[in-house]
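Hello,

Please have a look at it first, and then read on.

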Amino acid sequence: MSAQDEAKKAAGRRVVEEFVSDGMKLGLGSGTTSHLFVRELGKHVANGLKLTCTTTSRSTNDVAREVGIALTDPNEIGELDLTIDGPDEIDREFNMIKGGGACLLWEKIIAHASKRMITICDESKIVERLGAFPLPVEVVQFAWKQTERMVAEVLADHRIKNAIIERRMRDGQPVVTDSGNFILDCRCGVIPSPAKLEAELNRIPGVVENGLFTRESQGMVVGRFDGTTYVSM
Ligand code: 5RP
């Protein structure tokens, strides 16, 4: 396992030990860091920890089932105590870009359905300013090029000059999210006002959600490449 994966795993282990307790209703995030956390959680569940869990993607459903974590329909679980999820970028105020794995919509819904969200990551995800990682914007398939044009206008209004917007492709085919939408990846450089941009992108009719998470996370548990971890709240 690489030092980065060890760091992700250490962060997940610390979250389980410090923030998860018997009887909690948990939201399980998506991506490699969250999947390592779910595998760690599975060991505790096998040892008797009682949880009610729901997930933020079909891929996390698969990992949870594989490690013996029973899942509850998000419509049946009610308010969650805690969601644990990973970022593509996170700043010191816990603003994030998410959606590198195309799961941003379900991730944001579950984060908002939770009393608390804690982000887990390795130290490479921490940035001074958001924007080096391409910002994913989930759009409906209908007239997506019109939506793309409107996204470009909003980015220009935000002094994000020369943004490059590309529909996400894999193996020559457009990526389709778990909700049946496309993803536009927007290379922004630096995002001057993440909270304002998050709100304004979501006002475009064809935009379903975007990968800026500026209100969700209350803290982060970070794994360093030397194997140590720290908590920032
Ligand atoms: C998926 C996500 C992931 O949480 C994010 O991409 C982080 O993934 P990883 O832990 O693999 O770096 O937002 O939509």
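This is a predicted model: local features need pLDDT of at least 70, side-chain atom pairs count only at pLDDT 80 or more; totals for chains, interfaces and linings use all residues.

Residues are numbered from 1 along each chain as its sequence is written.

The sheet is open and has four strands, in the order β8-β11-β7-β12, with antiparallel pairing. Strands (E, at least two residues) and helices (H or I, at least four) are DSSP runs, numbered from the N terminus, and two strands pair if DSSP finds at least two bridges between them. At the edges stand β8 (164-167) and β12 (207-210), each with a single partner strand, so one side of each has no neighbour in the sheet. Three antiparallel bridges join β7 (residues 135-139) to β12; Val139 has Val207 in β12 as its bridge partner.

Now the helices. Helix α1 (residues 3-19) packs with helix α2 (residues 32-46) at an angle of about 45 degrees, their axes 8 Å apart. Axes are lines fitted to C-alpha atoms, for helices over the stretch in contact, and angles run from 0 to 180 degrees between N-to-C directions. The two helices, α1 and α2, are therefore oblique to each other (under 35 degrees counts as roughly parallel, over 145 as roughly antiparallel, 65 to 115 as roughly perpendicular and the rest as oblique).

Best wishes
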